[in-house]
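Reader: I have not looked at this one before. Can you walk me through it?

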Amino acid sequence: MMTEMLIPLLTAAVQSGTPILFATLGEMFTERAGVLNLGVEGMMIVGALAAFLVSLATGNPWLGVLAAGCAAAALGALHGLVCLSFLGNQVVSGLALTILGVGLANYLGTPYIGKQAPGFYAFDLPFLSTLPFVGKIFFKHDALVYLSYVMPLAFWFFWHRTRTGLALTAAGEYPPAASAAGLNPVRLRWLGILGGGFLVGIGGAYLSLAYTHLWTNGMTAGRGWIAVALVIFAFWRPGRAVFGAYLFGGVMAFQLRLQASGTQVPSSFLLMLPYGLTIAALLFSALRGRGGSSSSAPAALGVNIEPEQ
Amino acid sequence: MFGLTVITRQEPPKWGSCLIFPAALALSLGVSCLLLAAQGKPALGGLIILFQGAFGASYAVVDTLLKTVPIFLCSLGVAVAFRMQVWNIGAEGQFALGAVGSTWAALTFPGLPAWLLLPLMFTSSAVLGGLWAMIPAWLKLKLSINEIVTTLMLNYIGILILDYLVYGPWKDPSSYGFPMTKEFPAAAIIPTFADSRLHWGMVLCVVCALLLWVFLTRTRLGYELKASGESLRAARYARMPHGFLVLLVMGLCGALAGWAGLMEASAVVGRLQPSLIVGYGYTAIVVAWLAQLNPGKIALASFFLAALRVGVENLQLELGVPAAFGGIIEGLILLSVLAGQFFNHYRFKRSAS
Amino acid sequence: MTTASTATPPVVQLEAISKSFGPIKANQDISLDIHAGKVLALLGENGAGKSTLMNMLSGVYPPDSGRILIDGAEVHFVSPRDAIDAGIGMVYQHFKLVNSMTVAQNVLLGQEGSFIIRPREMEARVGELAKRYGLGIDPATRVSTLSMGERQRVEILKLLYRDSRVLIFDEPTAVLTPGETEHLFLALKQMTSLGKAIVFISHKLKEVLQVSDSVAILRRGEIVGNTPRNQITSSADLAKRMVGREVLQEIERGEVIKKEPVLQLQNLCGNGLDNLNISLRKGEIIAVVGVGGNGQQELVNVVTGAMAPGEGSVQLLGRDWKQFYKRPSWRDTIAHIPEDRLGMATCPELDLTDNVLLTTRQGFAPKLFLNRTLALDVTKTIIRRFHVACPGPQAHARQLSGGNLQKLVLGREFFRRPQIIVAEQPSQGLDISATEEVWHRLLNARTTAGVLLITGDLNEALQLADRIAVMYKGRFMDVFDASDEKKIASIGLMMAGVSP
C-alpha cells in the first residue's frame with residue numbers, strides 16, 4: 001500500500017528534478033571555471049522558449065533541444081562579454097541577464113501561450129523497466145531523463161580525467177597558474193560559460209518539451225535560482241547535485257499532489273515549499289560545512305582576471 | 001581576445017563617465033526597436049509611443065512621478081547595501097512585507113485618526129520590511145550563507161504571504177472574487193497635494209535622501225560604512241563594526257523598501273492587492289548600480305526608469321506589447337552600463353602580432 | 001654590454017629592450033646575454049625594473065622597443081605559451097600553483113598529451129623526473145599540504161618537464177630557510193652542469209656572490225654594470241654599484257633607556273603557538289625572525305587582538321588581554337603596521353584623509369558627527385612631516401608608491417601615540433632610502449613605545465633590534481641579545497628548528 005503511493009511520487013520526483021539537475025550541472029560547470037553566473041533563471045527560460053519555437057517550427061524536438069542549448073549559451077555569451085571582456089561585476093551582470101532573459105522570453109513567447117509543440121514522451125527501457133520498484137521509478141521516462149542519468153558521470157569524467165577539465169579547474173582555482181602554464185584563462189572561462197549555458201538550456205527545454213508540451217510565461221518559476229543554490233548545497237560536486245535535484249523534484253511533486261488532493265492547507269503555503277526548502281538546504285550546508293561552504297568553492301570564483309599591464 | 005589587449009589606465013579618462021549612461025540607453029533602445037520590428041510592430045512608432053506615454057501629457061508626467069517614488073525608495077536602500085558589498089536582491093519581498101505591514105495597521109485599527117494611524121502604518125511597514133531583510137543578513141553574518149539566494153527566495157515567499165492574506169483572511173467580502181482587501185479607511189490614505197494625484201510620499205523621498213546623504217558624509221557610522229564596503233580586510237584591521245553595519249544596512253534597506261510598499265498600498269491604490277507587485281525591487285538594482293551612492297543620480301535614474309515603465313504601459317495599451325518588454329530594456333541598459341564602466345579604468349589596444 | 005669572454009654563443013640575447021607604463025619608464029635600453037651552463041645574477045632594488053624585464057622575457061607582455069633573440073634568431077612572444085615553447089621558464093616568487101591539485105596535476109597542467117589523463121601514469125612520469133634531478137617529492141600529494149621549499153621544487157619540476165633551457169628564478173630564497181637555500185644552490189649547480197642557463201634575480205648581495213657566474217646590476221630601469229663574478233671584490237663594492245652611493249650598511253642605533261614592560265606573554269599556547277614567553281619593555285625593539293608560516297601571523301593576531309589567546313596570559317600595558325580589548329581606545333595603546341600595505345593597512349580606492357581616518361576616526365568623532373576638516377588638516381600635517389610624496393590629500397592610496405604609503409601608515413599610527421608597536425616586514429618592497437627612513441622612525445619611536453618587529457629579513461633584525469627571538473613551528477627557539485655573536489651565528493639553524 002505504501003509503495004503504491006510512493007512509486008508515483010518518486011517517479012514524479014525524477015521527472016520534476018530533471019530540469020533542475022540540468023540547470024545545476026550547467027551552473028556548476030560555469031562556476032568551477034571561476035565565473036559566477038546569476039543569469040541561470042533567464043537562460044533557462046530563454047532555452048525553454050527556443051526549444052518550444054524550434055520544435056513547433058520543425059516538428060523535431062531534438063532540434064528544439066539543440067536550439068535551447070544554443071540560445072541559452074548565446075545569452076550567457078552576453079554575460080561573458082560583460083565580465084570576461086569588459087571586466088564587469090559578475091554578480092550584477094548575472095542579475096541583469098536574468099532581468100533581460102525573463103523579459104525576452106515572456107515578450108517573444110506571448111503569442112504562443114497555450115499552443116502545443118511536439119515533444120518527448122515517456123517510454124519503457126527494455127529489461128530495466130521490468131526491475132521491481134526501481135524499474136518503475138527510473139526507467140519509464142522520456143529520452144531527456146535518460147540523458148540526465150548520463151550527465152553527472154560525463155561531468156565527473158570530463159572534469160577529473162581530461163586535460164581540458166584540468167585546465168578549467170586551474171582557471172577556476174588560480175588563473176595565474178593557468179597563465180604561467182601557457183593556457184589562456186579567459187578563453188577557458190568562455191568555455192565554462194558557453195558549456196554550462198548549453199546545459200542550462202537543456203534544462204529549460206525539458207520544461208517546455210517534456211515536463212509539459214506547452215509554453216507558459218514564467219514557466220521556470222525560480223528553478224534557475226534553486227539551481228544556483230543547489231550548486232552550493234552540492235559543494236560543487238556532481239554526485240550531490242543529483243541528490244539535491246531529486247529532493248527538490250520530490251518536494252515540488254509532493255506539493256502539486258497535495259494541492260490537487262483538496263487539502264485544507266492554503267495553496268500559497270504549499271507553493272512556498274521549494275523556496276523555503278532552498279533556504280533550509282543552504283542552512284544545512286553551512287552547518288555541515290563548518291566554516292561555510294566557501295571552503296569548497298573554487299578559489300577564484302567571481303573574481304575577474306585583471307589585465308597584466 | 002579578438003586581437004585586442006587590455007591596458008590599465010593610469011588615471012581616469014578625461015571625458016568622464018557621463019557618456020556611459022546615454023550610450024547604454026541608446027544601445028538598449030536600439031535593440032528594443034529591432035525586437036519590436038521582429039514582432040511586426042512599428043519600431044520608430046513604438047519609440048514615439050514610449051516617449052509619449054511617459055512625457056506626452058501632464059497626466060503622463062504625473063504617472064511617471066508617482067512611479068518614481070517607490071523606485072526611488074527601494075533604490076536608496078539597495079544602493080547603500082550594495083555599497084557594503086551586501087547583495088540585497090530582496091527589495092521586492094521587503095516591499096511586499098512593507099505593504100502587508102501597513103495593511104495590518106490600517107485594517108486592525110480603522111477607527112484611529114490619521115495622525116495616529118499613519119505613523120503606526122509607517123512603523124509597522126518599516127519593522128516588517130526591515131525584519132524581512134535582516135533574516136538573510138543574520139544568516140550571512142552567522143553562517144556565511146550567500147545572501148543573494150536567501151534574499152531572492154524570501155522574495156518569492158514574501159509575495160506568497162501577501163497572496164495568502166489577500167485571498168484568505170483579509171479578503172474583501174464585497175469584491176466578487178477579485179483578489180483584494182477591504183479599502184483602507186480614509187485616515188490610512190496618504191494625502192495628495194491639492195487637486196493633483198501627487199502625494200506626500202514625494203516629500204518623504206526628499207527627506208530620506210537628505211538624511212541619508214548627511215548620514216553617509218557627515219557621521220562616523222557613515223564613514224565606517226564607506227570604508228567597510230571598500231575593503232573587508234582593512235575593515236577588520238581597523239576594527240570596524242562590520243556585523244552591526246551589515247544588519248543596519250539591511251534593516252535600512254528593508255525599511256525603505258517597506259515604505260515603498262506602504263506608498264503604493266496607501267497612496268496609490270488604497271488597498272492591498274497582488275497587482276501591487278510589479279518588480280520595483282528589481283528595477284531598484286538597476287538604478288542602484290547606475291547611480292552608485294549619489295542621491296541626486298538616484299533620483300534622476302529612478303525618474304528615468306519610472307518613465308520607462310509608464311512608457312511601456314502605453315505601448316501595451318496602444319500596440320498590445322507585453323509588459324515584459326520593459327524588462328528587456330532594463331536588462332540591456334544594465335549590461336551596457338557594466339560594459340561601459342570598463343572604460344573608467346581600462347582601455348583597449350591592438351595586440352602585437 | 002656583453003659579458004667578458006665566453007666561447008659559446010648566448011642562448012638568449014636582449015637588445016635595447018625598453019618598456020614604459022604611462023609616464024613610468026620601467027626598462028630603458030637594456031641589453032643582456034644569457035649563456036647556457038652559467039648563472040647570470042640580476043641584482044637590483046625593488047622597483048628597479050627586474051620584474052618588468054623578466055615578464056617580457058617570459059611572454060607576459062611585449063617590449064615597446066628592442067629585440068629578443070633566441071639562438072641568434074629574433075622572436076616575438078605574444079603570450080606566455082610562446083615563451084614556454086621557446087624554452088624559457090620562470091620560477092615565480094609567488095608560486096603559480098593550484099593548491100587544490102596534486103603535484104603531478106600541477107606539473108602536467110597545460111602540457112601536450114592525450115585528451116584523457118590517467119592519474120597513475122602522470123604520477124609515475126613526474127616521480128621519475130623528480131628522482132632524476134634529485135628533487136624528492138611525492139607526485140600524488142596535494143600542493144596545499146606542502147612546505148614552501150617543497151612547493152618551489154614543484155615549480156622547478158614544471159620547467160624541467162618542459163625541457164626549459166633557460167630557467168629564471170625570481171627572489172627564490174625569500175621563503176626558504178638557510179638550509180633549504182643551500183639545497184636550492186646545489187640544485188642550481190646540478191642544472192647548470194646539465195647545460196641549463198639560469199637567471200637569478202635577487203636583491204640579496206651575499207647570495208648573489210655565492211651562486212653567480214656573472215652579475216648584471218639594474219638601477220632605475222637601466223643596466224649600470226655587468227661583471228663576471230671573479231672581478232667583484234666585495235659585497236660593499238656591489239652594493240655601491242647597485243645604489244649609486246655609499247650604502248649605510250650599519251645604522252646608528254643610539255642608546256635608549258628601557259622602562260616598564262608594555263607587553264608580556266606568559267606560557268601562551270594554542271592556535272599554532274607553543275609556550276611563548278617574552279616581555280617587551282618601553283624603549284626596546286624585539287625582532288621576531290623566522291621563515292614565514294611558523295606562527296608569526298598567529299602571534300601578531302593574538303597581540304593585536306584579532307584572535308583570542310588559547311592558554312596562558314597576555315598582558316598589554318599592564319592589563320589582561322580580555323580587559324584591554326573589551327573597549328579598545330584609539331590612542332595611547334597599540335599600533336599595528338601590517339605587512340599588507342595596500343588592502344589591509346589602507347583602502348586603495350579611498351583618499352588619504354579617509355585612510356588616515358581608518359584607525360583614528362574615534363578621535364575625530366566625539367559624538368555622532370565626524371569632523372572631516374580637522375582630519376584633513378591632520379592628514380596634511382602627516383604628509384608634510386613624514387615626507388609622503390603624493391599629489392595631495394585627495395589622492396587615492398592606490399596612487400602612492402610603496403615607500404610613501406608606508407610612510408603615511410607610519411605617520412597615521414604614530415599620530416595615535418602608541419605605547420606598543422607591532423610592525424610586520426616594515427621595509428619589505430622598499431628601496432634603500434625609504435628603508436632607512438622607516439628604520440629611523442622605528443628607532444625614534446622607542447622613546448615612547450616598545451616595538452615588536454616581525455621580519456624575515458635578518459639584516460633588518462640585526463640593525464634595529466635590542467633582542468632577537470627566533471620562531472619555529474609556533475615557539476621561540478631562543479630569545480637573546482642582539483650583541484650575542486655566537487647566538488647570531490646559529491640563527492640559521494634555529495630557523496630550521498635545530499636547537500643550538
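**A first walk through the model**

Reader: What kind of model is this?
Author: It is a predicted model.

Reader: OK, start with chain B. How many helices and strands does chain B have?
Author: Chain B has 14 helices and two strands.

Reader: What box do the C-alpha atoms of chain B fill?
Author: Along the principal axes, the box is roughly 75 × 60 × 35 Å.

Reader: And what does the radius of gyration of chain B agree with?
Author: A compact globule of 353 residues would have a radius of gyration near 20 Å, and chain B has 22 Å, which agrees.

Reader: How much of chain B is buried?
Author: Buried residues are 53% of the 353 residues in chain B. As for contacts in chain B with a separation of 6 or more, 78% are between residues 24 or more positions apart.

Reader: Next topic, the largest nonpolar core. Which residues touch the most other members?
Author: B:Cys74, B:Cys253, C:Leu453 and C:Val470 do, in a core of 374 residues. From chain C, this core takes at least three residues from each of domain 1 (12-243) and domain 2 (261-495).

Reader: What does B:Cys74 touch?
Author: Leaving out residues up to four places away in sequence, B:Cys74 touches B:Ala91, B:Phe95, B:Leu256, B:Ala257, B:Ala260, B:Tyr280, B:Gly281 and B:Ala284.

Reader: Now the contact of chain B with chain A. How many residues does each chain give?
Author: Chain B gives 40 residues and chain A gives 46 residues.

Reader: Which elements of chain B give two or more residues there?
Author: They are strand S1 (4-8), helix H6 (147-167), helix H11 (280-291) and helix H13 (325-340) of chain B. H13(B) provides the largest share of that side, eleven residues.

Reader: And by class?
Author: The side of chain B that touches chain A has 29 nonpolar, nine polar and two charged residues.

Reader: What about chain C against chain A?
Author: There, 19 residues of chain C are in contact with 18 residues of chain A. Helix H2 (residues 80-85) of chain C gives the most to the chain C side, with three residues. By class, that side of chain C has 13 nonpolar, four polar and two charged residues.

Reader: Back to the domains of chain C. How many Å separate their centres?
Author: The centres of domain 1 and domain 2 of chain C, taken over C-alpha atoms, are separated by 33 Å.

Reader: What is the strand order in the open sheet of chain C?
Author: The four strands have the order S12-S11-S14-S15 in chain C, with antiparallel pairing. Strand S12 (273-281) and strand S15 (319-320) of chain C are the edge strands, each pairing on one side only.

Reader: How many bridges join S11 to S12(C)?
Author: Six bridges join strand S11 (residues 261-270) of chain C to S12(C), and the two run antiparallel. In this pair, C:Gly270 stands opposite C:Leu273 in S12(C).

Reader: Last topic, backbone angles. Which residue has a positive phi of about 60°?
Author: A:Trp236 does, although it is not a glycine. A:Trp236 is in the loop between helix H10 (223-233) and helix H11 (238-260) of chain A.

Reader: Why does A:Trp236 count as buried?
Author: Because A:Trp236 has 20 C-beta neighbours inside 10 Å, and 20 or more is the cut-off for buried.

Reader: And C:Gln425?
Author: C:Gln425 has a positive phi of about 40° and is not a glycine either. Its place is in the loop between strand S17 (420-424) and helix H14 (432-444) of chain C. C:Gln425 counts as buried, with 20 C-beta neighbours inside 10 Å.

Technical notes
Residues numbered from 1 in each chain as written. Chains lettered and ligands numbered in written order. Predicted model: local features only at pLDDT ≥ 70, side-chain atom pairs only at ≥ 80, totals over all residues. Core = buried A, V, L, I, M, F, W, Y, C linked by C-beta atoms within 7 Å. Buried ≥ 20, exposed ≤ 12 C-beta atoms within 10 Å, placed from the backbone. Domains from an automatic or database assignment. Contact = placed C-beta atoms within 7 Å. Pairing = 2+ DSSP bridges. Rg over C-alpha atoms; globule rule 2.2 N^0.38 Å. Nonpolar A, V, L, I, M, F, W, Y, C, P; charged D, E, K, R; others polar.
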